[in-house]
Amino acid sequence: MAIYPNPYKIALIQADFPIFDLPANLQKAESKVREAASNNAELICLPEAFNTGYDSTKIPEMIKAAETESGQSLSRMMMLAKELGVHLLAPIYWKAPNGGVENRAFLIDDGGAIIGGASKTHPVGDERKFLQRGNQYPVFETKLGKIGIAVCYDACFPETSRILALSGAQLLLVPSAWRGNFYFKEWWDINLACRALDNLFYVAAVNMCGKTSGGEQYFAGKSQVRNPTGELAASCGIDEEAIVYATIDLSRLKGDRAFNTVLEDRHPEDYAPVLNGFNPISNL
């Protein structure tokens, strides 16, 4: 019989983190984490590249600002997690041991230790040219349940979240710097609802707000938590700096999956075309 943690509060920190303003961004992150902890959140999540800010036109410069685990950004978040006794998701541009740079989200436990990290497996835009992509899909066993991570654009790919669900994930964290231009802000909502319902697990997606440094693009905001049936449990607006709170109750997963049997009714033997790949444009 599965044993689930007691229901707990998750907090998503949506904020404007200006590009390359590291001291101000770390200070803002600390202030917001402290606020969330004071409101009894046990898992607190920061958006993609919160320390440097994010600008898709400045990826080479962002790479130059990448840090290791011992850099000031993660060191400060680890000390903060330990002091406050909270779990913390801290995504940064990370200097990998092989010399490459990855867009990686680190999960820190309530003792201030790094549980592990997951790197963006689907770089987007100029990230494709300059970043080293991740190719691992870890699920972390924690006091708060089994947690998977998909960084921003990764959430557009059903395969990524399905791998995590089949590996036991009960909660998917999606740290993002998701833009709101074109139809992207609507795409954000649809993808998150689908990933939750596809896999019958919680999805907690934390995004930035504000504009990029050139002012031509803006972030979609709308940080949100989706229940395992895809329903919206909590969210905020596009432009506002806010902390989104929701309750994660893993005990409901068993009932949800007993009622909706899509995970049991799969036919992997039929899915070879998904593995082999094809060119969707040439098939039109």
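For the classes used below, Ala, Val, Leu, Ile, Met, Phe, Trp, Tyr, Cys and Pro count as nonpolar, Asp, Glu, Lys and Arg as charged, and the others, Gly among them, as polar. The structure is a predicted model, in which local features need pLDDT of at least 70 and side-chain atom pairs count only at pLDDT 80 or more, whereas totals for chains, interfaces and linings use all residues. Residues are numbered from 1 along each chain as its sequence is written, and side-chain values use heavy atoms, with hydrogens and water left out.

Grid points are joined across faces, edges and corners, and a volume is the space filled by probe spheres set on the points. By this rule there is one cavity of 30 Å³ or more, and the largest cavity holds about 50 Å³ of space. Its lining consists of Ala118, Ser119, Thr121, Gln136, Tyr137, Ile149, Ala150, Asp154 and Thr160, which by class gives four nonpolar, four polar and one charged residues.

The largest pocket has a volume of about 360 Å³ and is lined by 13 residues, of which Glu159, Arg162, Arg266, Tyr271 and Val274 lie nearest its centre. Two or more lining residues are given by each of helix H5 (158-166), helix H6 (184-199) and helix H8 (272-276), where helices (H or I, at least four residues) and strands (E, at least two) are DSSP runs numbered from the N terminus. H5 provides the largest share of this lining, six residues, and the lining as a whole divides into seven nonpolar, two polar and four charged residues. The second largest pocket contains about 250 Å³ of space; of the 15 residues that line it, Val124, Cys152, Tyr153, Arg179 and Phe184 are the closest to its centre, and its lining has ten nonpolar, two polar and three charged residues.

Helix H6 also contains arginine 195, which is buried, with a relative accessible area of 7% (buried means under 20% relative accessible area, exposed over 50%, partly exposed in between, with a 1.4 Å probe and protein chains only). Neighbours within four places in sequence aside, arginine 195 is in contact (heavy atoms within 4.5 Å) with Ala155, Cys156, Phe157, Pro158, Ser161, Phe201 and Val203.

A nonpolar core is a set of buried Ala, Val, Leu, Ile, Met, Phe, Trp, Tyr and Cys residues joined through side-chain atoms within 4.5 Å. The largest such core has 47 residues, with the most contacts inside it made by Ile10, Leu43, Leu171 and Leu173, and strand E9 (residues 202-206) contributes its largest share, five residues. Apart from this core lies another, of 40 residues, among them Phe17, Ala36, Met77 and Leu88.

Strand E7 (residues 145-149) is mostly covered, with four of its five residues buried. E7 pairs with strand E6 (residues 139-142) in the antiparallel sense over four bridges, pairing being assigned if DSSP finds at least two bridges between two strands. E6 and E7 form a hairpin with two residues between them, and glutamate 141 stands opposite lysine 146 in E7. With strand E8 (residues 171-175), E7 pairs in the parallel sense over three bridges, and the bridge partner of glycine 148 in E8 is leucine 172.

Notes. 1 Å grid on protein atoms, 1.4 Å probe; cavity = no way out; pocket = protein on both sides within 12 Å on 5 of 7 lines; lining within 4 Å.
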